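Take a look at the sequence and the structure below. Then read on for a short tour.

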Amino acid sequence: MSTNLTTDILIVGGGLGGVAAALSALEAGRDVVLVEEYAWLGGQLTSQGVPVDEHPWIEEIGGTRMYRRLRDGIRDYYRDHFPLTDVARSQPLLNPGAGTVSKLCSEPRVGAAVIESMLAPWLSSGRLRLLQPAVAVSADIDDDIARSVTVRRLDDQSEVTITAEYFLDATETGELLPLTGTEYVTGFESRHETGEPSAPEEAQPDNWQALSFCFAVDHVDGDHTIEEPEQYQKWRSVQPDFWWGPLLGLVSPHPRTLEAAPRTFIPNTDEDPLTITADQSKDPGDQNLWIYRRIAARKLFEPGYYESDITLVNWPSIDYFEGSVIDQPADVVAARLHDARQLSLSMLYWLQTEAPRPDGGKGLRGLRLRPDVMGTADGLAQAPYIRESRRIRAVTTVTENDVSMAVRGDAGARRFHDSVGIGMYRIDLHPSTGGDNYIDVASCPFQIPLGALIPRRMQNVIAANKNIGTTHITNGCYRLHPVEWNIGEAAGALAATCIEDRVGPHQVQSDPARLERFQDALVQQGIELSWPDGITGY
């Protein structure tokens, strides 16, 4: 059975970029249909399980006003619904997990609840229609104009064809690009094409960053060892040439030096969580992996509420880089995702049975998988953590030469006249399917050019996630939570502006007067377009 819908803007992908795009377009007066594959909206923050990765200045600058509503909402949700201690409740910059990766480490379901509350008024009004769980399966294209996209509901396999004026691809892997015939890039571009010092001589289109299936654990009394995963012996024997030991373990390459980096995993340490600081410009914070991505610090809550801290496992040892899941046959994708799940479960089993303990023994049998935290039956995240997407061949492509501290020096990142936002993160590339080790490059605080959201040819398709005009290398700093949100928010505003003014994205980007009006509107919306002086990279 097939039905039809008509809307102003169709957004496929309900991750942070898609949610931000929807809110931005709705607040500009447009009607929106939002399509999401998984049970939770929020993408990397929720269904993928990853607490926010952010730059150290995020509490003051470098995030949109709407993104701050999300962050404030998460803190308020804890204050309203959780039994925090009085001291924790009084913290204006509450970090519920007191993790060292971020100033705001939280459980994924809290992020999902806050996002749902932000969208609830629009759903109630009928201005936003949500198709979930559903995926895009085909598109009707007329030369360089998309006319409609058909999505399939995953619960009953029925199909819905949505006609819209603008189509925003906010999926994690750029799923609308091949469906709409939008030209795109995959993998690692050549140095000849991009001029990047870290690029290879020849293009490597099948060379992608690793993906990961994250999971949450606590540590309590009893033996909570899972059954030995079917592929445990396989993964236990894997030792990449550049890894300094077995993949399953606590030693991996240091991302910045590539030297052996031994880490510890000591559950429920006795530190005061209020003394934890998260500033990756000074310390990556990953020495004790228990604290690194901790999402619930038991001492911040009334005694007895949590039996244990809860920590999120998203470490090098669960990086799956045996093969890509993009532009592959369905059976290959299914097999590789299964292998990635097995790798994560194997790491858990290794921790429970073989990991070194402080007392000299082996195995943390009190380590307990928390399916309830991830909202799944098997305990792994609902979706794989995808670090790299198909990327549009854009009007503007950001390269390493635009943002690298080594290249730019005191000049700072390239200044884009068409900036629609700002961000900051090191160029952080995990080991890849092409056999690369980490590529980790210091970067400068950067801008997001409007031209990076606009395909060269297609007139009404807009990138709204990590599928913008970056390279394999610069994707490594444009893929994090606040940047993805800013990209989506700008994309939603762009589509709404184009409908209101009856012009196309290319006209907004190329016409100085239109661009200035659009940028002024973004500033009024609460989007910063440039960094203040004195902020340097790391």
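## About the model

This is a predicted model, in which local features need pLDDT of at least 70, side-chain atom pairs count only at pLDDT 80 or more, and totals for chains, interfaces and linings use all residues. Residues are numbered from 1 along each chain as its sequence is written, and side-chain values use heavy atoms, leaving out hydrogens and water.

## The sheet

Four strands form an open sheet in the order 11-12-8-13, with antiparallel pairing. Strands are DSSP runs of E with at least two residues, helices are runs of H or I with at least four, and both are numbered from the N terminus. Two strands pair if DSSP finds at least two bridges between them. At the edges are strand 11 (294-296) and strand 13 (367-369), and each pairs on one side only. On average, neighbouring strands are turned by 35° against each other, direction ignored.

Strand 11 pairs with strand 12 (residues 310-313) over two bridges, in the antiparallel sense. A296 has I310 in strand 12 as its bridge partner.

## The helix

Helix 9 (residues 330-353) lies across strand 8 (215-219) and strand 13. Helix 9 runs at about 155° to strand 13. Angles run from 0 to 180 degrees between N-to-C directions, with axes fitted to C-alpha atoms, for helices over the stretch in contact (heavy atoms within 4.5 Å).

## T100

T100 sits in the loop between helix 3 (86-89) and helix 4 (108-125). Is T100 buried or exposed? T100 is buried, with a relative accessible area of 12%. Buried means under 20%, exposed over 50% and partly exposed in between (1.4 Å probe, protein chains only).

Leaving aside neighbours within four places in sequence, T100 is in contact with residues including I276, D279, P284 and Y292. A polar atom of the T100 side chain lies 2.5 Å from the backbone oxygen of G285.

Technical notes:
Polar contact = N/O pair within 3.5 Å; in protein donor to acceptor, adjacent residues only side chain to side chain.
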